[in-house]
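This report reads one protein model together with its ligand. Please keep the sequence and the structure in view while reading.

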Amino acid sequence: MTVQTKLFIGGTWVDGLDGASIEVRDPHDGSLLAEVAEARAADVDRAVRAAQAAFGPWRHTTAEERGRLLLKLADLIEAHADELALLETRDTGHPIRDTRGLDVPRTAATFRYFGGMADKHQGSVVPVEHGFLDYVLREPIGVVGQIVPWNFPLMFTSWKMGPALAAGNTVVLKPSELTPLSTLRVAELMTEAGFPPGVVNIVTGYGATAGRRIAEHPGIGKVSFTGSTAVGRSILAASAGNLKKVQLELGGKGANIIFADADLGAAVQGSAFAIYHNQGQACIAGSRLIVHEDVADEFVDRFVRLSKGVRLGDPKDPATEMGPLTSPGHRDRVLSYMEVAVADGDEIVTGGKAPEATELAGGCYLEPTVVATQAEHRLAREEVFGPVLAVQRFRTEDEALRIANGTDYGLGAGLWTRDLSRAHRVAHELRAGMVWVNSYKRVNPGSPFGGVGQSGFGREMGFEAMHEYTDAKAVWINYGAQLPARYADA
Ligand code: NAD
């Protein structure tokens, strides 16, 4: 596998100024995949200068042309689907059936959606006093800094860059130091698509150095961050120097409520996807199962049987349903939550440890895990970000809502019921940015994505994203209004 390993600045591939590099490893067996150039603060400065130089011409290209380039990129991503899927699988540990079936198609679809959006996102005319025309332009912000995590690196290239570029901004993007490879490949495809030099710049570096420099850089007008709540808070503080616009897509602790009248077969399947897809490393994972006591025993029994049967293995094998976690450090963090659970008096119903199979011993694997817990316990409140389902029981709808709304987070939530009125009622009362009824974890480029509370603020996708990446400018034209003379003539 030959991969790009340099920084992408001003349309060329360059080493970091300090000549340092970062090792990128395969979480399946720990083997070295690549050593990529490490960007530090001075490299971010170079990237910002390139993005500033590119901004003037880019904002004056026609919206149609920006859209055409994004559409071409979407086609190129599809043309390189197999290669991108394998790259993402090796870098992150996502099973190949998911990178082929979800990550790559969703990336292409999102670039295509924003390609189509570029010349359809329009301003407005405000009905003001007679004699004035007041029209509102949606203007690009300038240079946008984008910092992303390691859980869906390929998809995030499109979620972040799609709307930013469609709106006429230029970009400095930092992938996670753990998973930079698919982002670098997308940058190569962007060159092939014809994006002008400097419109997109990719700096592969660590958070504390390159990431921090993006957050504080005075030449960056907006920073869009996806990652943990703790780092999000530090981004907000670092961005205060030049009062950047900030968008934060942070952690979650998704509530998934099973009412007694639910189709249990569908709910078991959907709840398994909610927590086990991508090994639970999803901000919108349904990591809290809140189940009605009348069906709790049957539900948990069926869910545990499914969990024990999940095919854990080499993510390159098309039969694999769950791969390794993305890094040894993260695997250890998730495992440490098992000690927390035991100390709190929780019951580990299944899993909670690395699999015994010797062929998986060199990788970051964990068994699908179900833990019976209680609302005040840490496992019910803190984001574990792994294949660990925290189960709680309820008696009444009010109690279910109290449990569901009882964490600091508010990202995704779901409920399973056959009662139409209850579905709407509970969806309205859930404190979340997204609610799924009789499904979980649906995303679409047209549907706003984001959270409330400590899950952050701002929205990706849809028209909302175009608003996030533009500023409104009101232009007042006097076409015949008599202005009152308020001052004596000189
Ligand atoms: P993280 O916060 O550790 O890192 C995210 C990114 O920030 C990485 O690129 C990292 O290098 C960078 N970073 C780290 N410290 C920084 C600093 N001081 N200044 C600037 N940048 C810094 O998160 P992670 O462990 O990579 O990802 C997991 C987290 O991401 C989870 O909490 C998950 O819920 C969250 N997430 C949220 C969404 C969402 O849309 N709400 C989506 C996916 C993941």
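The sections below cover the domains, their interface, the ligand surroundings and the salt bridges.

## Basis of the model

The model is predicted, and local features need pLDDT of at least 70, while side-chain atom pairs count only at pLDDT 80 or more and totals for chains, interfaces and linings use all residues. Residues are numbered from 1 along each chain as its sequence is written, and side-chain values use heavy atoms, with hydrogens and water left out.

## Two domains

The domain assignment of the protein chain gives domain 1 as 7–250 + 455–475 and domain 2 as 255–437; such bounds come from an automatic or database domain assignment. Taken over C-alpha atoms, the centres of domain 1 and domain 2 are separated by 30 Å.

## The interface between the domains

Domain 1 and domain 2 bury about 2200 Å² between them, with 59% of this area on carbon and sulfur atoms; buried area is the accessible area (1.4 Å probe) that two parts lose on being put together, summed over both. His-28, Trp-150 and Ser-455 supply 27% of the area that domain 1 buries against domain 2, more than any other three residues. In terms of contact (heavy atoms within 4.5 Å), 26 residues of domain 1 meet 31 residues of domain 2.

Between domain 1 and domain 2 there are ten residue pairs in polar contact, both residues being at pLDDT 80 or more. A polar contact is a pair of N or O atoms within 3.5 Å; within protein, one must be able to donate a hydrogen and the other to accept it, and residues adjacent in sequence count only if both atoms are side-chain atoms.

## Around the ligand

The ligand is surrounded by 28 residues, the closest being Val-148, Glu-177, Ser-228, Leu-250 and Glu-383, where a residue counts as near if one of its heavy atoms lies within 4 Å. A polar backbone atom of Val-148 is 2.7 Å from an oxygen atom of the ligand, and an N or O atom in the side chain of Glu-177 is 2.7 Å from an oxygen atom of the ligand. Trp-150 places a polar side-chain atom 3.0 Å from an oxygen atom of the ligand.

## Salt bridges

The structure holds 33 salt bridges, each a side-chain nitrogen of Lys or Arg within 4 Å of a carboxyl oxygen of Asp or Glu. Across the interface of domain 1 and domain 2, the rule finds zero salt bridges.
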